[in-house]
Amino acid sequence: MKAEVSQTTQDRAAQSQPELGRPEASQPEAGRSDESQPDGSRPTPPHSDHGKSQHGYANSKDEYTARLRRIEGQVRGLQRMVAEDKYCIDILTQVSAATRALQSVALGLLSDHLAHCVAQAVAEGGPAADEKVREATAAIARLVRS
């Protein structure tokens, strides 16, 4: 019985928290329609090159993973601070630090994408290059708005 209750609690917690980098299905990103599938996943965009080539961040994958794990630890620390009724300004200071850390990761990924994926597409030319430039421009716009 206790295992069932624990599993049910875990299931509810998993359903209530969106994945990193993804808006909740009930709150689509500004300017975008809700494209979520019934299972909560998003369709692979037609411009995606999954499986065709190495991504721009491939050489730094371990570093990005380590940085994201540290950020995850910061967010868990924030949860703990709230649970322990810490001072509001102290929590906000830590939220700001976690936000800056995520922005730093985003800028690194963007830089890698421009240097690798976009540069490669531009070198090859054609409509794929135009699409990569549009895609990068949209990503930059999203980062500037955040």
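Residues are numbered from 1 along each chain as its sequence is written. Because the model is predicted, local features need pLDDT of at least 70 and side-chain atom pairs pLDDT 80 or more, whereas totals for chains, interfaces and linings use all residues; side-chain values rest on heavy atoms, without hydrogens or water.

**View 1. Helix α2 and its buried residues.** Helix α2 comprises 23 residues, 61-83, helices being DSSP runs of H or I of at least four residues, numbered from the N terminus. Its first and last C-alpha atoms lie 33 Å apart, close to the 33 Å expected (1.5 Å times one less than the number of residues). Y64, I71, G77, L78 and M81 are buried (under 20% relative accessible area, 1.4 Å probe, protein chains only). Their cover includes α3 (88-124).

**View 2. D85 in the loop between α2 and α3.** D85 is not a glycine, yet has a positive phi of about 55 degrees. Most residues other than glycine have a negative phi. With 69% relative accessibility, D85 counts as exposed (over 50%).

**View 3. Packing of α3 against α4.** The axes of α3 and α4 (residues 127-145) are 9 Å apart, at an angle of about 165 degrees (lines fitted to C-alpha atoms over the stretch in contact; angles run from 0 to 180 degrees between N-to-C directions). The two helices are therefore roughly antiparallel (over 145 degrees). Contact residues (heavy atoms within 4.5 Å) include L110 and L114 of α3 and V133 and I140 of α4.

Definitions and conventions:
Parallel < 35°, antiparallel > 145°, perpendicular 65-115°, else oblique.
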